[in-house]
Amino acid sequence: MDTLDEYIRLANSVIDSNPHIRYGQALFNILPKDMANEIRGTALDPFYEDNLDDFLTWLEGRLIEMNEESVS
């Protein structure tokens with residue numbers, strides 16, 4: 001996952017295959033383990049809540065950081 005759009009497309013694909021999964025749950029489940037551990041149980045954790053603005057803002061920032069680190 002390099003961009004937020006790619007991440008969202010992947011989450012939508014998970015939901016298409018598993019319609020019983022909530023959107024926030026799908027978004028959390030596809031996070032890399034280290035990122036999931038970073039936010040598990042915090043206000044950013046989207047697993048049980050579908051209020052996703054703060055989570056998506058955080059995720060976009062982390063993806064940008066990761067992309068910048070891989071370039072340097």
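These legends accompany several views of a predicted protein model.

**Figure 1. The overall fold, built from four helices and zero strands.** Starting at the N terminus, the elements follow the order α-α-α-α. The C-alpha trace spans about 40 × 25 × 20 Å along its principal axes. For 72 residues, a compact globule would have a radius of gyration near 11 Å, and the 12 Å of this protein agrees with that. Of the 72 residues, 35% count as buried.

Figure 2. Arg62 is buried, at a relative accessible area of 16%, whereas Glu38 is partly exposed at 42%.

**Figure 3. Arg62 again, this time with Glu65.** The side chains of these two residues meet in a salt bridge of 3.5 Å, N to O. Both belong to helix α4, and because they are three residues apart, about one helical turn separates them. Glu65 is partly exposed, with a relative accessible area of 38%. The structure holds two salt bridges, and Glu38, Arg62 and Glu65 are linked in a network.

**Figure 4. A patch of negative charge on the surface.** Take a look at Asp2, Asp5, Glu6 and Glu60, which gather here. One of them, Glu6, belongs to helix α1 (residues 4-17). Glu6 is partly exposed, with a relative accessible area of 33%.

How values were computed
Residues numbered from 1 in each chain as written. Predicted model: local features only at pLDDT ≥ 70, side-chain atom pairs only at ≥ 80, totals over all residues. Heavy atoms only, no water. Patch = residues over 30% accessible without salt bridge, like charges linked within 9 Å, V, L, I, M, F, W, Y side chains within 5 Å. Areas by Shrake-Rupley, 256 points an atom, 1.4 Å probe, with all protein chains shown as cover. Salt bridge = Lys/Arg side-chain N within 4 Å of Asp/Glu carboxyl O. Lys, Arg positive; Asp, Glu negative; His and termini not counted. Charge placed at Lys NZ, Arg CZ, Asp CG, Glu CD. Helix = DSSP H or I, 4+ residues; strand = E, 2+ residues; numbered from the N terminus. Buried < 20%, exposed > 50% of the residue type's maximum accessible area, 1.4 Å probe, protein only. Rg over C-alpha atoms; globule rule 2.2 N^0.38 Å.
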